[in-house]
Amino acid sequence: MSRVGVRAAILLLIAAGAATGADAPVSGTGALPPQPPGALSKENLNKKRAKPPFDLTGNWMWNSQRNRDSGGAQFFPLPKFKPAVQAVYDEAMATIKAGKAYKNDEGYCWPAGMPESMTRVWPNQTIQLPTMIMMVQMLKHEIRWIYIDGRPHADPEIKPPSYSGDSIGRYEGDTLIVDTTNLQTRHHWIQNGVPVGEKLRIIERIKLLDGGNTMQNTIKMIDPDSWEGEWTSTKYWYRDDSIDAEEAFCLPDINDNLLSTRESSQVR
Amino acid sequence: MKSESVPLPRALAIAALLLAAPALAHHSSAMFDASKETEIKGVVKVFKFENPHVNIVVTVKDEKTGTATDWFIEAASVRGMAMAGWRRSTLKPGDAITVVGRPLRDGQPGASLVRAVLADGTTLAANAGRNY
């Protein structure tokens, strides 16, 4: 083919491509699949519904003394881990015993995420609306949105995995049951040496005790890829509404002055 | 200048480290030796009275060699320290200070604050028995 012929052929191909692009059907109109009404919409807030057995609104403080028997920030008793998770756990325990942190992503400003974000000693500021319970963990301002308006779990196709997960709550008698799924696995740990798996499902059974001054949460975790059966641990918080939350970001320049967050203090 | 290490009840310290510490901090504290206390005497270089960890950088001068080393002191939350008497204006660069802290196990110049003696002789604890 002559040089002119080659040029003509190239031009034809470009023109054909442009025409194909122009004629191709445009997918998507900008609309999402049908969604529940927003938790803050008047329509949803004003909807008639049964009165909840309790209102979690308050400032919940981690009860270190009472939680000591169930492992403190760890979730005791431990389940029987699958071999791959057991190997990670053993490595973490050996690392900590040797005086270093093991893959301490939280120290590098990754979120604690669920369930670890519930075990911090900083205030857990909780606000309950008719449609939603919002928990703000002061440390790094991690937020949980627990929907109690009867909606189903969000479609993972349009709501990707997250560190707090997708939480749906409902009442059973005097107990609030919160089902959390769709958790982000990247740099996300349940506790020392136990990574969050893709199939992790967390079912919390929350009760108010002591005249509303104690929050009891029996946390059941299921992940057939990571351990046998169910992993359950009960934790307690006490109400201290005299404390207001403050800012507590994890900031790189604060870490500059914390040698404990440096590579030399870690096994990454 | 550093003093000799002071041993503490080891089992108690390790139990506290494993169970309580991870919830207190935004990072693990396994790297601090809870069985020892080290004295760090020097001059304040940086005082950040901020959450989640108040921190102090203390410059320590070796009298014999003249070399200066920065020690990185990690402390509790603002509220935990405020309850123990600390304020944002408690320290400024150039102030003399003596810090007692739990040292890093690997020998780096870092420690977790136990208490500090200020230039006027006031002693302030790391917290008032609770971080929050």
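**Exercise 1.** State which residue meets Glu172(A) in a salt bridge, and where the two partners lie.

*Solution.* Step 1: the criterion is a side-chain nitrogen of Lys or Arg within 4 Å of a carboxyl oxygen of Asp or Glu. Step 2: the side chain of Glu172(A) meets that of Arg205(A), with an N to O distance of 3.8 Å. Step 3: this pair links distant parts of the chain, since Glu172(A) belongs to strand β6 (residues 166-172) of chain A and Arg205(A) to strand β10 (residues 201-209) of chain A, 33 residues apart. Helices (H or I, at least four residues) and strands (E, at least two) are DSSP runs, numbered from the N terminus. Step 4: burial is classed by relative accessible area, with buried under 20%, exposed over 50% and partly exposed in between (1.4 Å probe, protein chains only). Glu172(A) counts as partly exposed because its relative accessibility is 39%; Arg205(A), at 36%, is also partly exposed.

The model is predicted: local features need pLDDT of at least 70 and side-chain atom pairs pLDDT 80 or more, whereas totals for chains, interfaces and linings use all residues. Residues are numbered from 1 along each chain as its sequence is written, chains are lettered from A and ligands numbered from 1 in the order in which they are written, and side-chain values use heavy atoms, without hydrogens and water.

**Exercise 2.** Classify the partners of the salt bridges Glu116(A)–Arg120(A) and Lys159(A)–Asp166(A) as buried, partly exposed or exposed.

*Solution.* Step 1: in the bridge between Glu116(A) and Arg120(A), the closest N and O atoms are 3.9 Å apart. Glu116(A) is buried because its relative accessibility is 13%, and Arg120(A) is buried at 2%. Step 2: Lys159(A) and Asp166(A) meet at 2.7 Å, N to O. Lys159(A) is partly exposed at 28%, whereas Asp166(A) is buried at 3%.

**Exercise 3.** Determine how β3(A) is joined to β1(A) and β4(A).

*Solution.* Step 1: two strands pair if DSSP finds at least two bridges between them. Step 2: strand β1 (residues 58-62) of chain A runs antiparallel to β3(A), with three bridges; Trp60(A) has Asn124(A) as its bridge partner. Step 3: five bridges join β3(A) to strand β4 (residues 132-137) of chain A, again antiparallel, and Ile127(A) stands opposite Met134(A). The hairpin from β3(A) to β4(A) passes through three residues. Step 4: Asn124(A), Thr126(A) and Gln128(A) form the covered face of β3(A), and Gln125(A) and Ile127(A) the uncovered one.

**Exercise 4.** Describe the contact between chain B and chain A: how many residues take part, and what area is buried?

*Solution.* Step 1: with contact taken as heavy atoms within 4.5 Å, 33 residues of chain B and 45 residues of chain A take part. Step 2: the buried area, meaning the accessible area (1.4 Å probe) that two parts lose on being put together, summed over both, is about 3,000 Å², of which carbon and sulfur atoms give 60%. Step 3: one salt bridge is counted between the chains, namely Lys48(B) with Asp253(A), at 3.2 Å, N to O. Step 4: α1 (10-19), α2 (21-24), β1 (38-48), β2 (55-61) and β3 (68-74) of chain B each supply at least two residues of the side that touches chain A. Of the elements of chain B, α2(B) gives the most to this side, with three residues.
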